[in-house]
Amino acid sequence: MYRRYEKKSYTIFKYVLYIGLLAFLIFPLYWIVTTAFRTDQEIVKSTMSIIPKTFTLEHFRDAIEDVDILKCLKNSLVITFITELISLSTGFLMAYAFSRIRFRGKKLLNTMILFTQFIPTVAYIIPLYLIMSKMRLLNTYPSLWITYLGGAFPVAMVLLRNYVSDVPESLEDAARIDGCSQLKVMTYITIPLTIPGIVSTAIYVFISIWQEYLIAVSFISNAKMYTVSMALTRFQGPYGTDWGGIMAGAIIISVPAIALFLSCRKMFTNNLVGGVKG
C-alpha cells in the first residue's frame, strides 16, 4: 500500500514538474505574440494583464512599411542561402576526407578546426573589420559571406563527419567493385544515407547566421543592406523603445526559420525511419 502511494506521488510530482517546465518555455513565446497585438496604451501600463484587453495590427504595419523589414528579410535570405550552400558543400567534402582518407597531419588539422570554435566572435571582430576595410569590402555582402563561412564551415565539417562515419564502408566498397568512381560513390551512396545529418546541419547553420548581430552591425552601415537582426534595432529611438514593433518584427523574421524547420523535420524523420528499416 505504501509503495503504491509512493509511486503515485512520484508520478504526480513528475507531471507537475513537466507542466511547470513546459509553461516556463512557452510563456515567453506567448508574451511576444500577445504584446505584438496589444496597443501602445496597454503596453506602457505598469500593470499589463496577462490576457490582452486590446487588439491591433498597427505594429505589423509599422514593421513592414516604416522599418521595411521585408527588405531586410530578403537581404538575410540571400546571405544565408549562399553561406549555407558553400559551407555544406565544403563541409561535407572535408568530413568525407577526414572520415575515409588517411593522410599526414590529419589529427592536428582536425584539432585546429575544432579549436576555432572556442574563440569568441568578439575576440576577432576588430582584426576582421580592419581586414575588410583594407580590402574595401565594408557595406558589401562578401564581407558577411567570408566571415560567416569562417564560422559555419568548421561546424558543418564536425557535424557531418559523424554522419559520414556511420555509413558502412562495405557499401562504398561494393559500389567501387561494381565500377563506380569516387564521385559516384559519394553521390549515390554516401550523400543519400547522410541526408538526415545534412538537413540537421543546414538547420543549425541557418539559425546561427539568421540570428547573428555583432558581425552584421560591425560591417554594414547602409540601411538598405540591413539584416533581420539589425532591423529590430530600428524600433529603438531617442525617446524610447517601440516594444510592440519589436515583438511584431520578431514574429515576422521568425517565419522563415519556423517554415524551414517544419519542412525539413518531415524530411529528416522520413529519412531516419527509412534508414532504420533498411
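Colleague: Which residues have the most contacts inside the largest nonpolar core, and how many residues does that core have?

Modeller: This is a predicted model, in which local features need pLDDT of at least 70 and side-chain atom pairs count only at pLDDT 80 or more, while totals for chains, interfaces and linings use all residues. Residues are numbered from 1 along each chain as its sequence is written, and side-chain values use heavy atoms, with hydrogens and water left out. The largest nonpolar core has 35 residues, and Leu144, Tyr148, Phe219, Ile220 and Ile253 are those with the most contacts inside it.

Colleague: What makes a set of residues a nonpolar core?

Modeller: The members must be buried Ala, Val, Leu, Ile, Met, Phe, Trp, Tyr or Cys residues, joined through side-chain atoms within 4.5 Å, where buried means under 20% relative accessible area, exposed over 50% and partly exposed in between, with a 1.4 Å probe and protein chains only. A second, separate core of eight residues includes Phe92, Tyr96, Val164 and Ala175.

Colleague: Why does Ile19 count as exposed?

Modeller: Ile19, which lies in helix H1 (residues 2–36), has a relative accessibility of 57%, and the cut-off for exposed is over 50%, so Ile19 counts as exposed.

Colleague: Why is H4 called oblique to H10?

Modeller: Helix H4 (residues 69–100) and helix H10 (residues 195–210) pack at an angle of about 140°, with their axes 9 Å apart. Angles under 35 degrees count as roughly parallel, over 145 as roughly antiparallel, 65 to 115 as roughly perpendicular and the rest as oblique, so H4 is oblique to H10. Residues on the two sides of the contact, meaning heavy atoms within 4.5 Å, include Leu73 and Phe92 of H4 and Ile198 and Trp210 of H10.

Colleague: What makes H4 oblique to H7?

Modeller: The axes of H4 and H7 come within 6 Å and cross at roughly 40°, and that angle makes H4 oblique to H7. The crossing of these helices is right-handed, a term for the near helix being turned clockwise from the far one by less than a right angle.

Technical notes
Axes are lines fitted to C-alpha atoms, for helices over the stretch in contact, and angles run from 0 to 180 degrees between N-to-C directions. Helices (H or I, at least four residues) and strands (E, at least two) are DSSP runs, numbered from the N terminus.
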